[in-house]
Amino acid sequence: MSKQILLINDMAGYGKVALSAMIPVLSHMKHHIYNLPTALVSNTLDYGKFDILETTDYMANTMKVWDELGFSFDAVSTGFIVSERQEELVAGFCEQQKARGTMIFVDPIMGDEGKLYNGVTETTISHMRRLVRVADYIVPNYTEAAYLTGEAYKEDGMTPEEADRLIGKLLEIGAKSIVITSAVIDRNEAVIVYDYDQKKKTILPFTSIPVRFPGTGDIFSSVFMGKIMEETNLVESTQKAMDATKAMIAMNRDNADKFKGIPLESCLEVLD
């Protein structure tokens with residue numbers, strides 16, 4: 001059954017990342033998709049030169065208009081958030097939506113490979129914890145999970161006991177169901193899944209393809225959310241997202257300009 005899903009994320013003019021990656025995936029999955037851009041970005045950041053237009057005032061006005069019009073959503077998904085003021089605005093909006101029964105998905109985009117992105121501060125992390133508390137599902141990578149909890153990021157990965165501690169600290173913050181991507185456990189690549197309702201952790205192993213595209217996390221999050229909204233269980237939704245993302249990477253691994261991201265319209269059949 002199709003759901004009404006609002007995506008709060010940035011929109012790149014050149015390249016398939018964030019909204020320009022998520023909209024085609026979730027639309028192909030037959031959901032009704034709406035968007036609230038947190039920023040207009042000239043192109044993917046991988047090119048090294050870019051321009052970003054923050055849209056916080058537009059977002060605040062849009063939220064007011066939507067509230068007056070009585071618009072409602074089955075789910076809200078949050079991604080890249082540009083400023084502290086914007087974080088407060090989005091967190092408040094998600095809390096209001098949650099009170100109305102809307103499902104909240106949070107991808108706490110802050111960093112990767114053990115480092116924070118430019119402009120991300122301790123205050124940013126604090127605001128992101130507020131979003132984690134209101135979320136039904138969070139999808140951090142290992143770097144973001146470490147920063148959210150204050151745990152040390154370990155380049156050679158975690159032991160199973162350290163993975164359990166990381167999950168425990170996210171739960172202490174107020175997280176519910178958790179999917180940690182880009183993890184390494186006992187030197188094996190894995191996605192860690194914690195089902196809040198069943199109080200159960202599952203480790204899903206994978207072998208990465210040695211090529212980098214921007215936007216693959218957005219593809220993963222979209223497929224995962226789309227499956228959850230179809231009432232697929234948590235572990236199966238995660239595995240479907242892993243399989244679809246890997247298949248798209250494999251189909252495009254020889255593309256000349258990988259900075260554009262994956263040309264999704266040419267490979268959406270992997271979702272069928």
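Biologist: What makes Leu45, Phe50 and Ile52 a nonpolar surface patch?
Modeller: Patch members need over 30% relative accessible area and no salt bridge, and they are joined within 5 Å for nonpolar side chains (Val, Leu, Ile, Met, Phe, Trp, Tyr) or within 9 Å for like charges. Leu45, Phe50 and Ile52 form one of about 250 Å². Areas are computed by the Shrake-Rupley method with a 1.4 Å probe, and for residues only the protein chains shown count as cover. Mind you, this is a predicted model: local features need pLDDT of at least 70, side-chain atom pairs count only at pLDDT 80 or more, and totals for chains, interfaces and linings use all residues. Residues are numbered from 1 along each chain as its sequence is written, and side-chain values use heavy atoms, leaving out hydrogens and water.

Biologist: Why is Leu45 called partly exposed?
Modeller: Buried means under 20% relative accessible area, exposed means over 50%, and partly exposed is in between (1.4 Å probe, protein chains only). Leu45 comes out at 47%, so partly exposed it is. You'll find Leu45 in the loop between strand 2 (32-41) and strand 3 (52-54); helices (H or I, at least four residues) and strands (E, at least two) are DSSP runs, numbered from the N terminus.

Biologist: How do you know that Arg212 and Asp46 meet in a salt bridge?
Modeller: The rule asks for a side-chain nitrogen of Lys or Arg within 4 Å of a carboxyl oxygen of Asp or Glu. For Arg212 and Asp46 the N to O distance is 2.4 Å, so the pair passes. Arg212, in the loop between strand 11 (200-205) and helix 7 (216-229), and Asp46, in the loop between strand 2 and strand 3, are 166 residues apart, and the pair links distant parts of the chain. Arg212 is exposed at 52%, while Asp46 is partly exposed at 26%.

Biologist: Which parts does the bridge between Glu151 and Lys169 tie together?
Modeller: That bridge is 2.8 Å, N to O. Glu151 is in the loop between helix 5 (142-149) and helix 6 (160-173), and Lys169 is in helix 6, so the bridge ties together parts 18 residues apart in sequence. Glu151 is buried at 18%, and Lys169 is partly exposed at 28%. Glu151, Arg165 and Lys169 are linked in a network of salt bridges, and the structure holds 13 salt bridges.

Biologist: Why are Lys199 and Asp186 worth a look?
Modeller: Most residues other than glycine have a negative phi. Lys199 has a positive phi of about 55°, and Asp186 has one of about 50°. Lys199 lies in the loop between strand 10 and strand 11, and Asp186 in the loop between strand 9 (177-185) and strand 10.

Biologist: How many residues has the largest nonpolar core?
Modeller: A nonpolar core is a set of buried Ala, Val, Leu, Ile, Met, Phe, Trp, Tyr and Cys residues joined through side-chain atoms within 4.5 Å. The largest has 40 residues, with Leu131, Leu170 and Ile180 making the most contacts inside it. A second, separate core of 37 residues includes Ala21, Val193, Met229 and Ala241.
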